[in-house]
Each structure stands twice: as structure tokens, then as C-alpha cells.
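The following note sets out points for a colleague to consider alongside the sequence and the structure.

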Amino acid sequence: MNRVAIVTGGTRGIGRAICEQLKDDGFNVVANYGGNDDAAKQFTDETGVPTYKFDVGDHEATLAGCEQIAAEVGPVEAVVNNAGITRDGTLHKMSYDDWHEVMRINLGGCFNMSKACFPGMRERGWGRIVNIGSINGQAGQYGQVNYAAAKSGIHGFTKALAQEGARANITVNAIAPGYIDTDMVAAVPQGVLDKIVAGIPVGRLGQAGEIARGVSFLCSEEAGFVTGSTMSINGGQHMY
Ligand code: CAA
């Protein structure tokens with residue numbers, strides 16, 4: 001039977017490309033989403049991938065959502081924590097709510113999903129968790145203390161959980177995308193974005209499928225010795 005994979009924030013942008021790629025790889029994929037019902041319906045119509053609506057930043061809702069998926073689809077063996085939001089602004093203009101929402105969803109979502117799915121992976125002795133971090137969690141970014149902190153937290157979370165999962169054949173890795181051609185990046189003011197793209201050695205935005213290829217590798221059987229790592233896919237914008 002095909003392994004079940006959940007992709008959070010899976011109906012649009014990078015998440016959608018990940019769903020399509022993992023489906024091609026032979027996973028039984030389900031997509032979580034938080035709010036946009038129209039996009040979710042269109043996604044299922046076009047891909048055949050079912051969706052489950054819950055807020056990954058809400059602990060109880062996430063536990064209930066994952067329990068429902070396990071009951072209806074099967075035990076979850078791969079989790080891609082992709083759901084994320086931006087609430088950009090310089091610190092002096094940023095509200096507490098803008099700080100807290102980004103931490104709650106982007107970082108809290110990784111904790112909540114892992115709490116829901118990691119115990120079953122331990123019992124079965126196999127699992128794949130891929131957390132979508134960001135170049136801006138590695139390098140920081142003007143106007144993003146909330147997002148950079150949450151994404152940086154994801155990288156620490158990944159390394160800690162990787163140590164806990166290793167003995168049970170659960171790998172935990174992160175991908176740090178650079179600027180990818182999605183609605184999220186399209187929301188950056190054009191003048192600012194032009195300057196950012198000018199600083200990308202490859203000379204263009206990335207494509208969502210280029211992130212999905214990385215996730216595909218990290219979720220594969222053959223990647224069992226890769227854990228606690230961060231794969232940077234950013235066109236050479238940040239190297240270290
Ligand atoms: N470094 C130094 N100074 C900067 C700067 C930078 N990177 N960016 C802007 N500034 C300066 C501006 O030049 C400007 O200075 P002057 O007034 O002297 O001209 C000043 O800061 C204010 O800039 P803005 O006019 O842009 O200020 P604002 O309050 O209207 O907007 C902002 C601030 C919301 C942060 C806006 O600059 C912005 O959206 N920046 C882009 C942030 C970004 O990259 N977000 C990434 C979203 S995509 C994503 O996050 C996905 C991922 O993982 C990569």
C-alpha cells in the first residue's frame with residue numbers, strides 16, 4: 001500500500017507543487033489548507049488530491065485533523081510542514097498580533113503537526129518529516145523579524161527532532177527556499193523585489209517545482225541516511 005503523506009498549506013504555491021511531486025512519486029497524498037476554500041476546490045478538481053481544512057497553528061484542531069486523516073486515509077508516514085504566512089513590516093511598525101500570528105502558524109504548525117504524527121512514526125519505525133524553512137531564516141531579512149525568527153526556529157526544531165527520530169528510522173530535514181515565484185513573493189513591492197532578484201546569482205526567481213524536487217528526495221527511501229540537514233535551494237543568493 002502506498003505511504004500516506006500530508007502537505008500543510010498544500011493547495012497553492014510551493015505546497016501544491018510538493019503534492020503533485022509526491023503523488024508522482026507514489027505517495028498517497030493529502031493536502032491540508034487553512035482558509036481559501038475556492039483554491040482548495042480547484043486544487044482537488046485538478047489534481048485529485050483530497051484536502052483537509054484545519055489551522056495548523058491551532059494545537060487541538062491539528063491533532064483532530066491528523067486523527068481524521070489517519071482514520072480516513074491511513075497512518076501518516078510523511079509530513080511536509082509547508083504552511084506559512086508573512087506579516088512583513090519593520091519592527092517599529094509591527095504589531096504584537098503580526099509577530100504572534102507568524103510564530104503561531106509558521107513555527108507552531110511544525111510542533112503541532114509533529115506532535116500529531118511523530119508518535120505513530122515511532123511505533124511503526126519509519127517516517128519522513130520535511131520542514132520548509134527559508135533563506136530569510138538563515139540570513140535574516142529587513143522587515144521580517146517575525147518571519148525570520150519563526151523560520152530560523154524551524155531550522156533548530158529540525159535538528160533537535162532529527163536526533164530524537166534517528167533510532168526509529170524517522171528522518172527530519174529542512175529545505176530553505178530562496179525567492180520562489182509564488183503569490184507570497186508576488187506580494188513584495190515590485191521595487192523591493194527587483195533589487196532582491198538582482199542579487200540572485202542565477203538571475204531569476206525559483207520555481208515551486210524546484211523546491212518539490214528537493215522534498216521528493218528527502219522523502220524517498222534512499223534518503224534514510226540524510227537527517228538533520230538543511231537543503232538550500234536559492235539560486236546562489238545565500239551560501240555558507
Ligand atoms: N536594507 C536596508 N534598508 C532597506 C531595505 C533593506 N533590505 N529595504 C528597505 N530599506 C529602506 C528603504 O530604502 C527605505 O529607506 P528610505 O526611506 O531612506 O528610502 C526604508 O527602509 C523604508 O522602506 P519601505 O519604504 O519599503 O518601508 P515600508 O514600511 O513601506 O515597507 C517592508 C517595509 C514592508 C519591510 C518592505 O520593504 C518590504 O515588503 N520588504 C520586503 C520584505 C521581504 O523580502 N519579504 C519577503 C517575503 S517572501 C518570503 O518571505 C518567502 C521567503 O521565504 C523568501
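1. Does Arg3 count as buried, exposed or partly exposed? At 25% relative accessibility, Arg3 is partly exposed. The model is a predicted one, and the remarks below should be read accordingly.

2. Arg3 has a salt-bridge partner in Glu77, with the N to O distance at 2.9 Å. Glu77 belongs to strand β4, whereas Arg3 sits in the segment before β1, so this pair ties together parts that are 74 residues apart in sequence. Glu77 is buried, its relative accessible area being 14%, which is under the 20% limit for that class. Arg3 and Glu77 also belong to one network with Glu221, joined through salt bridges that share partners.

3. Seven strands make up an open sheet in the order β3-β2-β1-β4-β5-β6-β7, and the pairing is parallel. At its edges are β3 (51–53) and β7 (230–233), each of which pairs on one side only. Neighbouring strands are turned by 20° against each other on average, direction ignored. Strands of a sheet are paired through backbone hydrogen bonds.

4. Strand β4 (residues 76–81) runs parallel to β1 (residues 4–7), and four bridges join the two. Within this pairing, Val4 has Val76 as its bridge partner, and Val7 stands opposite Val80. Towards β5, β4 again pairs in the parallel sense over four bridges; there, Ala78 is partnered with Arg128. Six of the six residues of β4 are buried, so the strand is largely enclosed by the rest of the structure.

5. Two helices may be described with the sheet. Helix α1 (residues 13–24) lies across β1, β2 (28–33), β4, β5 (127–132) and β6 (170–177), and runs at about 170° to β1. Helix α6 (residues 145–165) packs on the sheet, where it touches β5, β6 and β7; its direction makes about 160° with that of β6.

6. Thr11 is found in the loop between β1 and α1. With 7% relative accessibility, Thr11 counts as buried. Beyond its neighbours within four places in sequence, Thr11 has contacts that include Arg16, Asn32, Tyr33, Phe43 and Thr51.

7. The structure holds ten salt bridges, and two further ones deserve mention. Lys53 and Asp37 meet through their side chains at 3.1 Å, N to O. This pair links distant parts of the chain, with Lys53 in strand β3 and Asp37 in helix α2 (residues 37–47), 16 residues apart. Lys53 is partly exposed at 46% relative accessible area, and Asp37 is partly exposed at 39%.

8. The other is formed by Arg104 and Asp55, whose closest N and O atoms are 2.9 Å apart. Arg104 lies in helix α4 and Asp55 in the loop between β3 and α3 (59–72), so the pair ties together parts that are 49 residues apart in sequence. Arg104 is partly exposed, with a relative accessible area of 21%; for Asp55, also partly exposed, the value is 27%.

9. Finally, the surface. A nonpolar patch is formed there by Leu91, Tyr96, Trp99 and Val145, which together have about 450 Å² of accessible area. Tyr96 lies in helix α4 (residues 96–124). Its relative accessibility is 62%, so Tyr96 counts as exposed.

Note on methods
Residues are numbered from 1 along each chain as its sequence is written. This is a predicted model: local features need pLDDT of at least 70, side-chain atom pairs count only at pLDDT 80 or more; totals for chains, interfaces and linings use all residues. Side-chain values use heavy atoms; hydrogens and water are left out. Two strands pair if DSSP finds at least two bridges between them. Axes are lines fitted to C-alpha atoms, for helices over the stretch in contact, and angles run from 0 to 180 degrees between N-to-C directions. Contact means heavy atoms within 4.5 Å. Patches are made of residues with over 30% relative accessible area and no salt bridge: like charges are joined within 9 Å, nonpolar side chains (Val, Leu, Ile, Met, Phe, Trp, Tyr) within 5 Å. Accessible areas come from the Shrake-Rupley method with a 1.4 Å probe; for residues, only the protein chains shown count as cover. A salt bridge is a side-chain nitrogen of Lys or Arg within 4 Å of a carboxyl oxygen of Asp or Glu. Buried means under 20% relative accessible area, exposed over 50%, partly exposed in between (1.4 Å probe, protein chains only).
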